[in-house]
Amino acid sequence: MGVVHTEERTKSFLYPKEFLGLSGVGFVLKADKADIHSLSDFASAGYTLAPIAASSAQYTLVDEYNKANPNNQVKLKAGDEFNLDVVQWVNEGRVDGGIIIEAMYNAQVADENGPYHQFKDDLVYNEFAVIKTWPLFNKKNIELAAAYDEAMQEIKKTDKLNKLMEKYYGKDLFPLLEASQ
């Protein structure tokens, strides 16, 4: 399991140079808002966003966008809950959209056994970014972190990670990562 990079965690843990994985992130929206494909689109439309836990990668993503775009900001509210039911909030019309990891959307809406599958035609998922995740090491494990980095650099020279993403995510997330940098 990987975690997102935060300055707070760097005080207690050692992050390697090489990230471990990628997670697709996007908007869950009502189908009539399917033309929203970026944070800029969302902000320009003046839409309301489901609250996001301030400690989450999704919050950081929006916060960084807002800092870089002071004239077109997303209305960002920190939520009290880490696992706010974003799909329910959007489906009920409490907000115009929410940010969700693609795997969560797939499990809740796209999967025929998902709790919101009956709303699959009413909702859309529009991916707009990827989030990098890293393993954390004890600050004393400098050699282990260096060995991890070396191994990951070797793996990234091949197409193994791309193939694993295709197998488990159904797509390669590296092109979206490269486009968003």
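Predicted model: local features only at pLDDT ≥ 70, side-chain atom pairs only at ≥ 80, totals over all residues.

My entries below go from the whole chain down to single residues.

**Confidence.** The mean pLDDT is 90, and 96% of the residues reach 70 or more. Which elements sit at the two ends of the confidence range?

**Overall build.** I counted 8 helices and 7 strands. The radius of gyration came out at 18 Å, close to the 16 Å that the globule rule gives for 181 residues, so the protein is as compact as a globular protein of that length. I also looked up the span of the C-alpha trace along its principal axes, which is about 50 × 35 × 30 Å. Of the 181 residues, 40% count as buried. For contacts between residues at least 6 apart in sequence, I noted that 72% join residues at least 24 apart.

**Sheet.** Next I went to an open sheet of 3 strands, with the order E5-E2-E6 and antiparallel pairing. Which strands are at the edges? They are E5 (97-101) and E6, each of which pairs on one side only. From one strand to the next I get an average twist of 25°. E2 and E5 are joined antiparallel over 5 bridges. I checked Gly26 and found its bridge partner in E5 to be Ile100. What packs on this sheet? H3 does, touching E2, E5 and E6, and its direction makes about 90° with that of E6.

**Phe27.** I listed what Phe27 touches, leaving out residues up to four places away in sequence. Among them are Ile36, Leu39, Phe42, Ile99, Val124, Tyr125 and Phe128. His37, Ser38, Gly98 and Asn126 are also in the list.

**Gln58.** My last stop was Gln58, which lies in helix H3. Is Gln58 buried or exposed? Its relative accessible area is 15%, so I put it down as buried, the cut-off being under 20%. Leaving aside neighbours within four places in sequence, I see Gln58 in contact with Val25, Ile52, Ile99, Ile101 and Ile131.

Methods
Residues numbered from 1 in each chain as written. Heavy atoms only, no water. Contact = heavy atoms within 4.5 Å. Helix = DSSP H or I, 4+ residues; strand = E, 2+ residues; numbered from the N terminus. Buried < 20%, exposed > 50% of the residue type's maximum accessible area, 1.4 Å probe, protein only. Pairing = 2+ DSSP bridges. Axes fitted to C-alpha atoms, helices over the stretch in contact; angles between N-to-C directions. pLDDT = per-residue confidence, 0-100. Rg over C-alpha atoms; globule rule 2.2 N^0.38 Å.
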